[in-house]
Amino acid sequence: METVSENRSFGGVQGVYKHASEVCACDMTFSVYVPPAAESGPVPVVYYLSGLTCTQENFTVKAGAQRMAAECGMIVVAPDTSPRGPGVANDEAYDLGQGAGFYVDATQEPWAPHFQMYSYITKELPKLVEAEFPVRAGARGIFGHSMGGHGALTIAMRNPEIFTSVSAFSPIVAPTKVPWGQKAFTAYLGPDESTWAQHDACELVRARGFPTKILVDQGDADGFLDEQLQTHRLIDACKAAGQSAKIRMQPGYDHSYFFISTFMEDHLRHHARILNGVNGG
(Lines give C-alpha, C1' and ligand atoms only; values in the text may rest on other atoms or scores of the structure.)
Protein backbone atom coordinates (compact mmCIF):
# COMPACT_ATOMS: atom_id res chain seq x y z
CA MET A 1 0.00 0.00 0.00
CA GLU A 2 1.41 3.35 -1.08
CA THR A 3 0.61 6.57 0.80
CA VAL A 4 -0.54 9.31 -1.57
CA SER A 5 -1.25 11.90 1.14
CA GLU A 6 -2.01 12.25 4.85
CA ASN A 7 -3.46 15.28 6.64
CA ARG A 8 -4.37 15.93 10.25
CA SER A 9 -8.12 16.43 10.69
CA PHE A 10 -10.16 16.78 13.90
CA GLY A 11 -7.45 15.04 15.88
CA GLY A 12 -7.27 12.11 13.47
CA VAL A 13 -5.66 11.50 10.09
CA GLN A 14 -7.27 11.77 6.65
CA GLY A 15 -5.22 9.70 4.25
CA VAL A 16 -5.33 8.71 0.59
CA TYR A 17 -3.70 5.45 -0.44
CA LYS A 18 -3.05 3.39 -3.55
CA HIS A 19 -2.44 -0.30 -4.06
CA ALA A 20 -2.16 -2.88 -6.84
CA SER A 21 -5.51 -4.66 -6.85
CA GLU A 22 -5.42 -8.34 -7.78
CA VAL A 23 -9.21 -8.43 -8.13
CA CYS A 24 -9.45 -5.44 -10.49
CA ALA A 25 -6.06 -6.04 -12.12
CA CYS A 26 -5.04 -2.41 -11.86
CA ASP A 27 -4.03 0.19 -9.30
CA MET A 28 -6.90 1.28 -7.05
CA THR A 29 -7.05 4.41 -4.89
CA PHE A 30 -9.05 4.85 -1.69
CA SER A 31 -9.23 7.27 1.24
CA VAL A 32 -9.27 6.43 4.95
CA TYR A 33 -10.11 8.66 7.89
CA VAL A 34 -8.70 7.34 11.17
CA PRO A 35 -10.19 9.01 14.27
CA PRO A 36 -8.17 9.92 17.36
CA ALA A 37 -9.89 7.10 19.30
CA ALA A 38 -7.95 4.59 17.17
CA GLU A 39 -4.80 5.57 19.03
CA SER A 40 -6.20 3.72 22.05
CA GLY A 41 -7.34 0.55 20.28
CA PRO A 42 -9.44 -0.88 17.43
CA VAL A 43 -12.56 0.99 16.34
CA PRO A 44 -15.49 0.26 13.97
CA VAL A 45 -15.19 0.96 10.26
CA VAL A 46 -17.77 2.18 7.75
CA TYR A 47 -17.31 2.04 3.96
CA TYR A 48 -18.75 4.80 1.76
CA LEU A 49 -19.51 4.06 -1.91
CA SER A 50 -19.71 7.07 -4.23
CA GLY A 51 -21.95 7.67 -7.22
CA LEU A 52 -21.58 8.00 -10.98
CA THR A 53 -18.56 9.99 -12.25
CA CYS A 54 -17.09 10.26 -8.74
CA THR A 55 -13.82 9.13 -7.22
CA GLN A 56 -12.97 8.80 -3.54
CA GLU A 57 -12.13 12.52 -3.55
CA ASN A 58 -15.73 13.73 -3.86
CA PHE A 59 -16.68 12.22 -0.53
CA THR A 60 -13.39 12.95 1.20
CA VAL A 61 -13.44 16.67 0.37
CA LYS A 62 -17.16 17.52 0.17
CA ALA A 63 -19.08 15.31 2.61
CA GLY A 64 -17.76 16.80 5.84
CA ALA A 65 -17.58 13.39 7.49
CA GLN A 66 -14.34 13.80 9.44
CA ARG A 67 -15.69 15.79 12.41
CA MET A 68 -18.47 13.34 13.16
CA ALA A 69 -16.29 10.30 12.43
CA ALA A 70 -13.87 11.66 15.03
CA GLU A 71 -16.69 12.19 17.53
CA CYS A 72 -18.16 8.74 16.91
CA GLY A 73 -14.76 7.05 16.90
CA MET A 74 -15.10 5.38 13.52
CA ILE A 75 -12.76 4.74 10.62
CA VAL A 76 -14.32 5.83 7.31
CA VAL A 77 -13.11 4.25 4.06
CA ALA A 78 -14.03 5.64 0.63
CA PRO A 79 -12.93 3.59 -2.40
CA ASP A 80 -12.99 4.69 -6.03
CA THR A 81 -16.10 3.88 -8.07
CA SER A 82 -14.39 1.70 -10.66
CA PRO A 83 -11.07 0.42 -11.96
CA ARG A 84 -9.16 3.00 -13.97
CA GLY A 85 -6.16 3.30 -16.26
CA PRO A 86 -5.11 3.19 -19.90
CA GLY A 87 -5.59 -0.58 -20.13
CA VAL A 88 -9.05 -0.54 -18.55
CA ALA A 89 -12.14 -0.63 -20.78
CA ASN A 90 -14.16 2.57 -20.94
CA ASP A 91 -17.13 4.20 -22.63
CA GLU A 92 -17.76 7.76 -23.78
CA ALA A 93 -20.94 7.97 -21.71
CA TYR A 94 -20.74 9.06 -18.07
CA ASP A 95 -22.94 6.17 -16.88
CA LEU A 96 -20.83 3.26 -18.14
CA GLY A 97 -17.19 2.30 -17.81
CA GLN A 98 -14.64 4.15 -15.71
CA GLY A 99 -16.41 6.03 -12.92
CA ALA A 100 -19.47 3.80 -13.26
CA GLY A 101 -18.61 0.36 -11.92
CA PHE A 102 -22.06 -0.18 -10.30
CA TYR A 103 -20.45 -2.41 -7.65
CA VAL A 104 -21.00 -5.64 -9.59
CA ASP A 105 -18.61 -8.30 -10.90
CA ALA A 106 -18.79 -8.00 -14.69
CA THR A 107 -19.12 -11.23 -16.65
CA GLN A 108 -19.16 -9.71 -20.15
CA GLU A 109 -16.37 -8.44 -22.40
CA PRO A 110 -14.67 -6.01 -22.47
CA TRP A 111 -15.54 -5.32 -18.82
CA ALA A 112 -14.86 -8.64 -17.09
CA PRO A 113 -11.04 -8.42 -16.83
CA HIS A 114 -11.15 -5.34 -14.57
CA PHE A 115 -14.69 -4.48 -13.46
CA GLN A 116 -14.91 -6.68 -10.37
CA MET A 117 -16.11 -4.07 -7.91
CA TYR A 118 -18.38 -6.39 -5.91
CA SER A 119 -15.46 -8.66 -5.02
CA TYR A 120 -13.23 -5.66 -4.42
CA ILE A 121 -15.63 -4.13 -1.87
CA THR A 122 -16.60 -7.37 -0.14
CA LYS A 123 -13.23 -9.13 -0.07
CA GLU A 124 -10.03 -7.41 -1.16
CA LEU A 125 -10.49 -3.91 0.24
CA PRO A 126 -11.68 -4.96 3.73
CA LYS A 127 -8.80 -7.43 3.98
CA LEU A 128 -6.31 -4.70 3.12
CA VAL A 129 -7.89 -2.09 5.39
CA GLU A 130 -8.00 -4.44 8.35
CA ALA A 131 -4.37 -5.43 7.84
CA GLU A 132 -3.22 -1.80 7.80
CA PHE A 133 -5.60 0.01 10.19
CA PRO A 134 -6.92 -0.67 13.73
CA VAL A 135 -10.39 -2.00 12.87
CA ARG A 136 -12.46 -3.71 15.55
CA ALA A 137 -13.18 -7.27 14.43
CA GLY A 138 -16.62 -7.68 12.88
CA ALA A 139 -17.66 -4.04 13.32
CA ARG A 140 -18.23 -2.99 9.70
CA GLY A 141 -20.88 -0.79 8.15
CA ILE A 142 -21.50 0.40 4.60
CA PHE A 143 -23.28 3.40 3.06
CA GLY A 144 -23.24 5.34 -0.17
CA HIS A 145 -24.83 7.80 -2.57
CA SER A 146 -26.84 7.22 -5.76
CA MET A 147 -25.03 4.39 -7.62
CA GLY A 148 -23.12 3.93 -4.36
CA GLY A 149 -26.36 3.83 -2.40
CA HIS A 150 -27.43 0.98 -4.67
CA GLY A 151 -24.08 -0.69 -4.01
CA ALA A 152 -24.31 -0.26 -0.24
CA LEU A 153 -27.85 -1.64 0.04
CA THR A 154 -27.30 -4.63 -2.23
CA ILE A 155 -23.88 -5.54 -0.86
CA ALA A 156 -25.13 -5.32 2.74
CA MET A 157 -28.16 -7.48 2.13
CA ARG A 158 -26.10 -10.10 0.33
CA ASN A 159 -23.38 -10.04 3.00
CA PRO A 160 -24.90 -9.49 6.47
CA GLU A 161 -22.06 -11.54 7.93
CA ILE A 162 -19.62 -8.87 6.66
CA PHE A 163 -21.60 -5.63 7.10
CA THR A 164 -23.68 -5.09 10.23
CA SER A 165 -25.12 -1.65 9.42
CA VAL A 166 -26.27 0.03 6.20
CA SER A 167 -27.60 3.38 5.01
CA ALA A 168 -27.89 5.32 1.77
CA PHE A 169 -28.33 8.77 0.27
CA SER A 170 -30.48 8.98 -2.89
CA PRO A 171 -29.96 5.32 -3.83
CA ILE A 172 -30.89 3.70 -7.12
CA VAL A 173 -33.26 1.30 -5.37
CA ALA A 174 -34.55 -0.67 -8.37
CA PRO A 175 -31.80 -0.69 -11.02
CA THR A 176 -33.49 -3.50 -12.94
CA LYS A 177 -36.41 -1.11 -13.60
CA VAL A 178 -34.64 2.16 -14.50
CA PRO A 179 -32.41 3.34 -17.40
CA TRP A 180 -29.14 3.68 -15.47
CA GLY A 181 -29.34 0.16 -14.10
CA GLN A 182 -30.68 -1.48 -17.23
CA LYS A 183 -27.87 -0.01 -19.33
CA ALA A 184 -25.14 -0.99 -16.87
CA PHE A 185 -26.47 -4.47 -16.13
CA THR A 186 -26.88 -5.29 -19.82
CA ALA A 187 -23.27 -4.26 -20.44
CA TYR A 188 -21.67 -5.81 -17.36
CA LEU A 189 -23.88 -8.85 -16.69
CA GLY A 190 -25.42 -9.60 -20.08
CA PRO A 191 -29.00 -9.61 -21.37
CA ASP A 192 -30.25 -12.42 -19.11
CA GLU A 193 -32.30 -10.41 -16.62
CA SER A 194 -32.51 -13.35 -14.22
CA THR A 195 -28.92 -12.52 -13.19
CA TRP A 196 -29.81 -8.92 -12.36
CA ALA A 197 -32.10 -9.46 -9.34
CA GLN A 198 -29.22 -10.13 -6.93
CA HIS A 199 -28.12 -6.52 -7.55
CA ASP A 200 -31.54 -4.90 -7.01
CA ALA A 201 -32.24 -3.55 -3.52
CA CYS A 202 -36.02 -3.91 -3.80
CA GLU A 203 -35.73 -7.52 -4.91
CA LEU A 204 -33.27 -8.27 -2.10
CA VAL A 205 -35.50 -6.69 0.55
CA ARG A 206 -38.25 -9.06 -0.49
CA ALA A 207 -35.97 -12.10 -0.76
CA ARG A 208 -33.57 -11.56 2.16
CA GLY A 209 -34.01 -8.33 4.07
CA PHE A 210 -31.39 -7.05 6.50
CA PRO A 211 -31.01 -7.77 10.23
CA THR A 212 -30.69 -4.14 11.36
CA LYS A 213 -32.63 -0.99 10.48
CA ILE A 214 -31.97 0.52 7.06
CA LEU A 215 -31.63 4.32 6.91
CA VAL A 216 -32.27 6.15 3.62
CA ASP A 217 -32.43 9.89 2.94
CA GLN A 218 -33.79 11.20 -0.35
CA GLY A 219 -34.29 14.81 -1.42
CA ASP A 220 -37.70 15.51 -2.92
CA ALA A 221 -36.16 18.14 -5.25
CA ASP A 222 -33.73 15.60 -6.71
CA GLY A 223 -33.85 15.81 -10.50
CA PHE A 224 -33.19 12.07 -10.82
CA LEU A 225 -35.91 10.98 -8.40
CA ASP A 226 -38.75 10.12 -10.76
CA GLU A 227 -36.82 8.44 -13.58
CA GLN A 228 -33.76 6.85 -12.00
CA LEU A 229 -34.14 6.58 -8.21
CA GLN A 230 -37.84 5.82 -7.60
CA THR A 231 -37.63 5.72 -3.81
CA HIS A 232 -41.29 4.76 -3.56
CA ARG A 233 -40.38 1.28 -4.77
CA LEU A 234 -38.12 0.73 -1.75
CA ILE A 235 -40.76 2.10 0.63
CA ASP A 236 -43.29 -0.37 -0.79
CA ALA A 237 -40.82 -3.28 -0.70
CA CYS A 238 -39.87 -2.63 2.93
CA LYS A 239 -43.51 -2.40 3.99
CA ALA A 240 -44.39 -5.63 2.15
CA ALA A 241 -41.42 -7.50 3.62
CA GLY A 242 -41.70 -6.08 7.14
CA GLN A 243 -38.17 -4.69 6.88
CA SER A 244 -37.15 -2.28 9.63
CA ALA A 245 -36.34 0.93 7.76
CA LYS A 246 -36.35 4.69 8.15
CA ILE A 247 -36.79 6.21 4.68
CA ARG A 248 -36.98 10.00 4.83
CA MET A 249 -38.02 12.33 2.03
CA GLN A 250 -36.20 15.60 2.70
CA PRO A 251 -38.10 18.69 1.42
CA GLY A 252 -36.20 20.93 -0.99
CA TYR A 253 -32.98 18.89 -1.12
CA ASP A 254 -31.37 17.78 -4.38
CA HIS A 255 -28.80 15.15 -5.44
CA SER A 256 -25.69 17.12 -4.49
CA TYR A 257 -23.11 16.95 -1.73
CA PHE A 258 -24.85 19.93 -0.11
CA PHE A 259 -27.62 17.41 0.63
CA ILE A 260 -25.23 14.65 1.68
CA SER A 261 -23.23 16.87 4.03
CA THR A 262 -26.45 18.09 5.68
CA PHE A 263 -27.42 14.60 6.81
CA MET A 264 -23.97 13.04 7.18
CA GLU A 265 -24.10 13.32 10.96
CA ASP A 266 -27.35 11.35 11.10
CA HIS A 267 -25.89 8.56 9.00
CA LEU A 268 -22.65 8.23 10.93
CA ARG A 269 -24.58 8.22 14.22
CA HIS A 270 -26.84 5.50 12.77
CA HIS A 271 -23.81 3.33 12.04
CA ALA A 272 -22.15 4.14 15.37
CA ARG A 273 -25.23 3.06 17.36
CA ILE A 274 -25.27 -0.32 15.65
CA LEU A 275 -21.52 -0.96 15.35
CA ASN A 276 -20.70 0.05 18.88
CA GLY A 277 -22.84 -2.88 20.00
CA VAL A 278 -20.51 -5.30 18.21
CA ASN A 279 -18.08 -7.27 20.41
CA GLY A 280 -19.05 -5.38 23.53
CA GLY A 281 -18.06 -1.98 22.13
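In which loop is F10 found?

Guide: F10 is found in the loop between β1 and β2. Before we go further, please keep in mind that this is a predicted model, in which local features need pLDDT of at least 70, side-chain atom pairs count only at pLDDT 80 or more, and totals for chains, interfaces and linings use all residues. Residues are numbered from 1 along each chain as its sequence is written, and side-chain values use heavy atoms, with hydrogens and water left out.

Let us start with the turn itself. β1 and β2 form a hairpin with two residues between them, and F10 has a phi near 50°, a positive value in a residue other than glycine. Most residues other than glycine have a negative phi. The strand names come from DSSP, where strands are E runs of at least two residues and helices are H or I runs of at least four, numbered from the N terminus.

Nine bridges join β2 to β3 (residues 26–34), and the two run antiparallel. In β3, C26 is the bridge partner of S21. β2 and β3 form a hairpin with four residues between them, and A25 in this turn has a positive phi of about 55°.

How enclosed is β2? Seven of the ten residues of this strand (residues 12–21) are buried, so β2 is largely enclosed by the rest of the structure. Buried here means under 20% relative accessible area, exposed means over 50%, and partly exposed lies in between, with a 1.4 Å probe and protein chains only.

Side chains also link β2 with β3. Y17 and F30 form a tilted aromatic pair, 6.0 Å centre to centre with 40° between the planes. The rule is that rings of Phe, Tyr and Trp (its six-membered ring) pair if their centres lie within 6.5 Å; planes under 30 degrees apart count as stacked, over 60 as edge-to-face and the rest as tilted. Y17 lies in β2 and F30 in β3, so the pair ties together parts that are 13 residues apart in sequence. Both Y17 and F30 are buried. By this rule the count comes to 17 aromatic pairs.

A disulfide is a covalent bond between the sulfur atoms of two cysteines, and the cut-off used is a pair of cysteine sulfur atoms within 2.5 Å. The sulfur of C24 is 5.5 Å from the closest cysteine sulfur, in C26, too far for a bond. C24 is buried, at 0% relative accessibility. A search of the whole structure finds zero disulfides.

F102 has a positive phi of about 60° although it is not a glycine, and it is found in the loop between β5 and α3. F102 is buried, with a relative accessible area of 0%. Leaving aside neighbours within four places in sequence, F102 is in contact with residues including L52, M147, W180, F185 and Y188, where contact means heavy atoms within 4.5 Å.

P110 is found in the loop between β5 (75–79) and α3 (117–132), and a cis peptide bond with omega of about 0° joins E109 and P110. Most peptide bonds are trans.

Methods: Two strands pair if DSSP finds at least two bridges between them.
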